[in-house]
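This report describes a structure with its sequence and coordinates at hand. The account goes by topic.

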Amino acid sequence: MTEEITMKKIDAFAERGNEITGHETHVEAKNFSLFYGNFEAVRKVNMQIPKRKVTAMIGPSGCGKSTLLRAINRMNDLIPSAHAKGEMIFDGHNIYGKNIDVVTLRARVGMVFQKPNVFPKSIFDNVAYGPRLQGMRNRQKLNETVEQSLRRAAIWDEVKDRLSANALGMSGGQQQRLCIARALAIQPEILLMDEPTSALDPKATAKIEDLIGVLRENYTLVIVTHNMQQAARVSDLTAFMYEGVLVEFGKTKQLFTNPKNPQTENYITGRFG
Amino acid sequence: MTLETRKLLDKAFSGLGLIAIGMMAAALLLILTPILWRGSKAFIFKGTIEHRRVMLEEFDRGNTDRFPAEMEKAKAAREPIYQILADFKAEMKTMERSTRGEYKSAYREVEQAITVLLGPAPGERTPVLMRQRYGQMRWDRTQIKLHEVLFSEEWDYSIPGAMGVLVETPRIEQFAGTKLEPLFHYMEEHIDEMMRPKTTFYWQFITDKSKDSHIFGGIWPEVLGTLYLTLGAMLFAIPMGVIAAIYLCEYAKEGRVVSFLRICISTLAGVPSIVFGLFGLAFFLNTIHVSDSKSVLAGSLTLSLLILPTLIRSAEEAILAVPRTYKEAALSLGAGRWHTILTVILPASLPGILTGIVISMGRAAGETAPIIFTAAVSVGAPLKIWETLNQPTPALPWNIYNLCTEHEAVDEIRHVQYGMVLTLVVIVLLLNMAAILMRARISKKLRG
């Protein structure tokens, strides 16, 4: 049953992947490298991520796809030895430039992590965290934002009666959607997702994938995934990375049906990885 | 290793564990039982009429309607004693000089012992010292003092191989044939009527001031002083400790300076408390002059230094135990570093920090050495809150030591010493319990 639906979806999304024509670039990596100490985790990547499309990044473990994703909102800054070379251009600015305010950048580039990381606070406080940070104090406005965000993350109906309950009491899938709602509440332009379904069961995964299908209308989505079927199902564009190098980047349908690079073909056909 | 040996080892280890726990429980029981038993005697004891008189006259407490009648009865019971004493005095005057000399010193001993037991004789002028104005207030002490009336004590040093042997002779034999002879029988038989013991529940022991260096009254100044010192120490130590821990975990770059700092903190935790006391005297009082004399302020500051290392350590561990994902989540939502700490890291690490606070609070309440030179005095009035800035205070740990070693009537006030120990233990227990409850509530809130 699940399998059937999934197969259908692949077709549907992959079909759409073909329609991409003239698009706006939202984020662009130019000769971008990222080092952990001396180790070059991302090697001179050039990549244009289009606006309001879903871009998936695939590749074997340790290939640098997560690092590249986290480079887009500078989450790698948390690691003391990390430093970047080259340019990552967002809204006309190199985000690794000197005058960039990381806090503002992160408010415009939201992120959802591998494991649902809700705060040990109430559901409401979780979603309201970002807006409150930006100085929203008006209770009514907050209520509206929270409701809107929860609706967009398709979880409103499940939690509307228990907004004051602790978020840790929800199931893993609900928590992950709450994380998405929390990220949406700061009204980002880009939403980064780092293996958002790897800790979830198939049913919760299906819900998140549905959600991605809806969110693409309004947001630029970048999603890292280990699951190639998922990449095929949900994305418009797919990037294949291997050992820090961007091997191939193109329309999803094309990459999965007719890869240009033999390495990509080996990976997607399951010969390694 | 065969399965059999593994099973045997497993059993042996769980046995050892049980033994260890059993021994701990036994030790705890061994320590707590005498504290509870003897400490409770400060609160519940058989009080004599003298105790009720002290309560009425010095503390304005008691039944003013019934007391005079009761006192009259006691006085009536005591009347024959003073009559016998007067008769014997008259008899002594008729004696020959040599026999009179023989009886005179022995008689004086009896007279003194009776004064200690019953208080000054009627018609005598009121003594200056308060402790001499009243007879024995507790039934157990009454019986000891009665024994001193009935028996004369002498040390016999003539026995070889012994340092000295206490020989007790009944005074009734000394005075056989005189008019004093009936006194001893009378006292033995009528002591109940003279002292009228009654089971007394004296909970005001905690809230009464002490009078005449703890011979009368309770321990309120000590209790209050301990609370001031403990809370004062926490007031200084908690912000300092938590901020230091946040800095070490979140801001400081790992390097030589930070590892050196950590070593210093660990070392500080091992410094003997008396050294902290001397430092407090040298620095807070003599160098920066936080107050002119010893004061609660200086004591609190010294205690806060003492508990700082424990606090920093536990706060650091609590902060490091907060999942990194919380921090990532907050940062990805656009929170600055400071905001992340304030809204996410601190709330999540609060239970752990509270544990550290619990441990150090118990320590601050019970430490003696740091306050000897900086805050504690043996006798004092309860302080008003603003007086803590420049005045010293009595405090339980110091006064327990002081009453056991330096008091002029150590044996008379055993119940006060044990009462103080019990009170201190209970205060620490209550403080800890409050913190544990708070901790449980917060963790429950965090867990959902």
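## Confidence

The model is predicted. Chain A has a mean pLDDT of 85, with 91% of its residues at 70 or more. Within chain A, confidence is lowest in helix 1 (residues 2–17), where the mean is 41. The highest value in chain A belongs to strand 8 (residues 220–224), at 93.

Residues 1–21 of chain A stay under 50 in pLDDT. For this stretch the model has 22 contacts beyond four places in sequence.

## Overall form of chain A

Chain A contains 11 helices and 10 strands. Its radius of gyration is 18 Å, close to the 19 Å that the globule rule gives for 273 residues, so chain A is as compact as a globular protein of that length. The C-alpha trace of chain A spans about 55 × 50 × 35 Å along its principal axes.

## The six-stranded sheet

One open sheet of chain A has 6 strands in the order 6-7-8-3-9-10, and its pairing is mixed. Strand 6 (109–112) and strand 10 (245–251) of chain A are the edge strands, each pairing on one side only. From one strand to the next, the twist averages 15°.

Inside this order, strand 3 (residues 54–58) and strand 8 of chain A pair in the parallel sense over 4 bridges. T55(A) stands opposite V222(A) of strand 8. Helix 7 (residues 172–184) of chain A lies across strand 6 and strand 7 (190–194) of chain A. The helix runs at about 170° to strand 6 of chain A.

## The four-stranded sheet

Another open sheet in chain A has 4 strands in the order 2-1-4-5, with antiparallel pairing. Strand 2 (39–50) and strand 5 (93–94) of chain A stand at the edges with a single partner strand each, so one side of each has no neighbour in the sheet.

Strand 4 (residues 82–90) of chain A pairs with strand 5 of chain A in the antiparallel sense, over 2 bridges. For F90(A), the bridge partner in strand 5 of chain A is H93(A).

## Contact between the chains

Where chains A and B meet, 16 residues of chain B are in contact with 22 residues of chain A. On the chain B side, helix 12 (324–332), helix 13 and helix 16 each supply at least two residues. Helix 12 of chain B gives the most, with 6 residues. By type, the side of chain B that touches chain A divides into 8 nonpolar, 6 polar and 2 charged residues.

## A helix pair in chain B

Helix 13 (residues 337–366) and helix 16 (residues 414–447) of chain B also pack against each other, at an angle of about 175° and with their axes 9 Å apart. The two helices of chain B are therefore roughly antiparallel to each other.

Helix 13 of chain B contributes residues including L350(B), P351(B), L354(B), I357(B), V358(B) and M361(B) to this contact. From helix 16 of chain B come, among them, L424(B), I427(B), V428(B), L431(B), R439(B) and L446(B). The residues of the contact between helix 13 and helix 16 of chain B divide into 17 nonpolar, 5 polar and 1 charged.

Key: Residues numbered from 1 in each chain as written. Chains lettered and ligands numbered in written order. Predicted model: local features only at pLDDT ≥ 70, side-chain atom pairs only at ≥ 80, totals over all residues. Axes fitted to C-alpha atoms, helices over the stretch in contact; angles between N-to-C directions. Parallel < 35°, antiparallel > 145°, perpendicular 65-115°, else oblique. Contact = placed C-beta atoms within 7 Å. Nonpolar A, V, L, I, M, F, W, Y, C, P; charged D, E, K, R; others polar. pLDDT = per-residue confidence, 0-100. Pairing = 2+ DSSP bridges. Rg over C-alpha atoms; globule rule 2.2 N^0.38 Å.
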